[in-house]
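Hello,

Here is the structure for you to look over. My notes follow below it.

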Amino acid sequence: MSDTPMMDELEKGPWPSFVREIRRAGKQSATARDLINILELSYKDKKTHWKHGGVVGVRGYGAGVIGRYVDDPVQFPGVAHFHTVRVNQTSGFVYNTKGLGEIMDIWDKRGSGMTNMHGSTGDLVLLGTTSEQLDPIFTDISQKGWDLGGSGSDLRTPSCCLGPARCEYACIDTLAITRECTNYYQDELHRPAFPYKFKIKVAGCSNDCVASIARSDLSIIGTWKDDIRIDQDEIANYVKGGGIDIMKEVVMMCPTQCIDFDGTKMEIDNSNCVHCMHCINKLTKALRVGTDQGATILLGAKAPIVEGAMLASVIVPFMKLEEPFENLKELIEALWEVWDEDGKNKERIGEFMERMGKGEFVEAVGEQLADGECGIEMTSQIDMINHPRENPYIFYDEYLEEEG
Ligand code: SF4
Ligand code: SF4
């Protein structure tokens with residue numbers, strides 16, 4: 001019988017198996033072989049055998065490496081150290097094979113050969129190496145033009161959808177925004193100094209292929225503010241082709257019911273459109289996003305760690321985004337200023353905003369922006385109230401004193 005029967009179970013079936021992939025890596029890596037062994041033991045004991053054993057990193061950086069050790073290094077010497085190296089991915093995950101080949105050669109030489117493409121922040125994640133190899137890995141990847149990403153309480157590696165590189169829906173240059181934020185905020189990315197992590201994700205339109213609305217503290221989503229462009233000839237072609245029931249699949253599914261269709265001609269009440277992209281996704285050839293393009297900025301999404309999962313809330317409904325994105329940078333720095341000042345340790349900016357109250361938070365950010373040049377006016381609005389107040393208790397002392 002095999003030494004790892006539970007791992008064997010995970011290899012069965014026609015679907016992809018991470019065990020199969022690790023075993024393939026194990027043909028040339030003792031780390032990969034011991035990874036399977038320790039996983040088997042964890043499944044058997046129903047507990048993890050990984051532990052944090054102190055901070056590890058590379059010289060000059062406070063982030064980019066996650067230290068991981070096993071609790072029984074004698075039995076599992078291959079994974080006695082199993083540190084993760086986060087390499088800053090390219091914007092939109094656009095690589096060439098030469099670049100990828102160079103990274104893989106370095107990793108085969110100095111690590112386990114196993115990767116995670118990509119981690120949920122977006123980095124190109126190299127899984128499993130020893131403390132002694134960290135500085136040499138950093139030197140090797142730096143010489144090839146790569147850098148480490150973020151980790152810990154810092155700006156995490158900004159990430160984006162492929163946007164204008166391949167997608168006709170992109171209303172903003174997601175790649176340029178991501179690149180600019182990455183290059184401009186190198187210090188914040190490599191030297192953790194925030195209350196907690198801060199993720200920036202950029203989506204070219206509200207299809208949000210990077211799930212920024214659920215997975216980033218600052219979500220930048222491309223949109224437009226004029227009218228959806230309609231090609232009536234193409235609408236007629238859709239009707240003639242019969243491949244789609246426009247009434248049922250488009251008009252009736254518009255969330256605000258703002259589409260009018262008489263069987264041949266389509267009209268949209270753009271003042272009531274919430275730019276959800278549904279009709280444009282369905283009638284690709286006939287409908288296009290507007291031409292007055294910019295972005296909606298949302299804040300506060302996170303996974304369920306301290307307070308439970310949160311989706312992002314809109315803080316700026318529309319802003320133009322053009323290189324060098326000074327207005328965006330001014331906004332980001334104002335957000336950091338307010339959060340840094342009063343945020344608690346391990347409190348994400350969304351949780352902080354909830355604790356402070358959205359209205360008060362927005363006013364505080366607005367004060368930070370007042371002297372700037374970005375032209376964004378942040379004021380609290382009625383839409384920011386989640387529900388009416390639950391506590392009707394009112395202090396009358398002030399009124400009584402005034403009345404005297
Ligand atoms: Fe295209 Fe929009 Fe998806 Fe970006 S988010 S890839 S622009 S559909
Ligand atoms: Fe309706 Fe969405 Fe199309 Fe706007 S984008 S018209 S809200 S389906």
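How much space lies in the largest cavity? About 120 Å³, in what is a predicted model.

The lining comes first. 17 residues line the largest cavity, and I228, C254, C273, C276 and C279 are the closest to its centre. Helix α11 (residues 278-282) gives the largest share of that lining, with three residues. By class, 14 lining residues are nonpolar, three are polar and none is charged.

What sits in there? Ligand 2 sits in the largest cavity. There are 14 residues around ligand 2, and C254, C273, V274, C276 and C279 come nearest. The shell around ligand 2 has eleven nonpolar and three polar residues, with no charged ones.

Last, a sheet. Four strands form an open sheet in the order β2-β4-β6-β5, with antiparallel pairing. β2 (65-66) and β5 (114-117) are at the edges with a single partner strand each, so one side of each has no neighbour in the sheet. Strands β4 (residues 84-87) and β6 (residues 124-127) run antiparallel and are joined by four bridges. Which residue in β6 does R86 stand opposite? It is V125.

Best wishes

Methods:
Residues are numbered from 1 along each chain as its sequence is written. Chains are lettered from A and ligands numbered from 1 in the order in which they are written. This is a predicted model: local features need pLDDT of at least 70, side-chain atom pairs count only at pLDDT 80 or more; totals for chains, interfaces and linings use all residues. Side-chain values use heavy atoms; hydrogens and water are left out. A residue is near a molecule or strand if one of its heavy atoms lies within 4 Å of it. On a 1 Å grid over the protein atoms alone, a cavity is a set of points where a 1.4 Å probe fits but cannot get out, and a pocket is an open set with protein on both sides within 12 Å along at least five of seven lines; lining residues have an atom within 4 Å of a point. A molecule sits in a cavity or pocket if more than half of its atoms lie within 2 Å of its grid points. Ala, Val, Leu, Ile, Met, Phe, Trp, Tyr, Cys and Pro count as nonpolar, Asp, Glu, Lys and Arg as charged, and the others, Gly among them, as polar. Two strands pair if DSSP finds at least two bridges between them. Helices (H or I, at least four residues) and strands (E, at least two) are DSSP runs, numbered from the N terminus. Grid points are joined across faces, edges and corners, and a volume is the space filled by probe spheres set on the points.
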